[in-house]
Amino acid sequence: MTKKLYIYGGVVPEEILAVPSISSVIPMASVNKSQIPSKSVSMSLSDDDGVQRRKGDYHSNLWDDDFIQSLSTPYGALCYRERAERLVEEVKEIFNSVTVTPFNDLIQGLLMVDSVERLGIDRHFKNEIKSVLDYIYSYWNEKGIGCGRESGVIDLNSTALGFRTLRLHGYPVSSDVLKVFKDPNGQFASSASNHTEGEIRGVLNLFRASLVAFPGEKVMEEAEIFCTTYLKEALKTGSISNDSISREIEYVLEYRWLTNFPRLEARNYIEVFGNDTNQSLETRTKNEKLSELAKLEFNIFHSLQQKELKQISRWWKDSGFSELKFTRHRHVEFYTLASCIATEPKHSAFRLGFAKLCYLGIVLDDIYDTFGTMDELELFTAAIKRWDPSATDCLPQYMKGVYMVFYNCVNEMATEAEKTQGRDTLSYARNTWEAVFDAFLEEAKWISSGYIPTFEEYLENGKVSFGYRAATLQPILTLDVPLPLHILREIDFPSRLNDLASSILRLRGDVCGYKAERSRGEEASSISCYMKDNRGATEEDALNHIDSMIAEKIKELNWEFLKPESNVPIPSKKHAFDILRAFYHLYKYRDGFSIANNETKNLVLRTVLEPLPF
């Protein structure tokens, strides 16, 4: 019988590949069929092939393929889509009526835009959102806005929400507008004790606005400090009577801006939206429609996620990866990240391709960091540069299948990209990956020799070896967003956006993982390199310095993403930016790539596996 390798839901006959699959070159081992996540494996040395090899202390796969294949949902049925389509039209009618009343038209328009975006249904209302924001901007001035075009009183909630929303959509708005709300002493002020619901909402939106800061905006830093203290105190004293507002504040304080990507925010906001009992009949009716549409959209997409996740899991198993015992099996987790940032159903190629490339990237990272010998790694790097199945002839058995799955995945992604971009991008992608493998190899040499480079030398190499560029390039080329070369170079290397994102992720990854890496014999990290460059500096000094670097680079990144009148529209940059946010999210508490059985597992459950109850 002809063996087959599964790629993108299709199959490639093995005789075309002319090399064995992973499972045919690695001894078969028993596979755990339990739906209960398996326990962590201990660090050990393997000499099955007569070679001593290091292995990381990674827990095994949490998501058994039998469990994934057993998933089911009713929300793929036509009746749910038809109901959602009717609700979309009804919500469009609501949009058309929000700017009627002159005393609250501005805040009502902003609340509609903010609601549909946070509920995850904004893709249906792009034209309506632009019309509302153009209307808001026509009344915008350096002192802010009131609730309505004729309200006559500048309002914190309207101004803060307006500033944030307009900035996120690329309108040129200055943060100086927030200075209006300082007292004569130059401090943001509030009532001493009795926090009204209106004031709390105003401070909450001021906090949300402060997180989208650009470099040099001191008022944004001051607003963030004030709002953080105010909101934490309001939660602590129990002065918030509305439970929905309390939960909303807790969520925003926890996830802030950079780690709060679309589907996660939608799941959490849907659960608190519209629960305020003090609503007018008109507001309640509007919110009920928005809430029903958001839940339907969430669950309809959930049905698509199940289908795609089954493809990913079957690809992982049938390609033989389940037999690799030395690596981190995070294919489900990477698919989760992809589907949290690319939430339009039509972007299936992005989600599947991103999940496969990132999973392959982590397998290859583990080969270069721990499992492979220097001779093997040099052979593999050379084989990658040949880009030919015959290059596997010189590789050790365990590398042959990995090479071919990677080879086919990159080629398949290039084929998908040609459909949307109208040009061949394979050589561009190959050059990107070759740079990653060169950086992998350089780090492997450092590990082998115990060499600790300078901080600058380490970061220059580490920005490449993290793999952000490689993980981003091919997936974004599959989107229905034209990315001609002059635009692509403003997103990809050598753009400032790419450099900042790669730097942030490398530095944050080191902060979360340097101790575990050091225990495996990987001495070089931004922490150790900083301490080498600065004699007498402690680990705490190094961590404080790196945290400061990250904070400043995030502000620069915000500017590169959102700067007004850019040659590159924000929608063209959005998925590249959101990939950074997804990776950064996994570093919020710990190295969520290596330790995926805590917060990362919860992310999978809440955004992919569990539908919303109606």
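How are α15 and α17 oriented to each other, roughly parallel or roughly antiparallel? Roughly antiparallel. The cut-offs: under 35 degrees is roughly parallel, over 145 roughly antiparallel, 65 to 115 roughly perpendicular, and the rest oblique.

Ground rules before the details. This is a predicted model, where local features need pLDDT of at least 70, side-chain atom pairs count only at pLDDT 80 or more, and totals for chains, interfaces and linings use all residues. Residues are numbered from 1 along each chain as its sequence is written, and side-chain values use heavy atoms, with hydrogens and water left out.

Back to the helices. α15 covers residues 374–386 and α17 covers residues 426–449. They pack at about 170°, with axes 10 Å apart. Helices here are DSSP runs (H or I, at least four residues), numbered from the N terminus. Axes are lines fitted to C-alpha atoms over the stretch in contact, and angles between N-to-C directions run from 0 to 180 degrees.

Who touches whom? On α15, the contact residues include L377, F380 and I384; on α17, they include F437, L441 and A444. Contact means heavy atoms within 4.5 Å. By class, this contact has seven nonpolar, two polar and seven charged residues. Nonpolar is Ala, Val, Leu, Ile, Met, Phe, Trp, Tyr, Cys and Pro; charged is Asp, Glu, Lys and Arg; the others, Gly among them, are polar.

α10 (residues 243–255) and α11 (residues 262–272) pack at about 165°, axes 9 Å apart. That makes α10 roughly antiparallel to α11.

Now the rings. The structure holds 40 aromatic pairs. A pair means Phe, Tyr or Trp rings (the six-membered ring for Trp) with centres within 6.5 Å; planes under 30 degrees apart are stacked, over 60 edge-to-face, the rest tilted. Take F214 and W559: centres 5.1 Å apart, planes at 80°, so edge-to-face. F214 sits in the loop between α8 and α9, W559 in helix α23, 345 residues apart. F214 is buried at 8% relative accessible area. W559, at 36%, is partly exposed. Buried is under 20%, exposed over 50%, partly exposed in between (1.4 Å probe, protein chains only).

Then F406 and F437. Also edge-to-face: 5.6 Å centre to centre, 80° between planes. F406 lies in α16 and F437 in α17, so the pair ties together parts 31 residues apart in sequence. F406 is buried at 0%. F437 is buried at 0% too.

Last item. Ring pairs link Y368, F380, W387, Y403, F406, Y407, W433, F437 and F440 into a cluster.

Definitions and conventions: Helix = DSSP H or I, 4+ residues; strand = E, 2+ residues; numbered from the N terminus.
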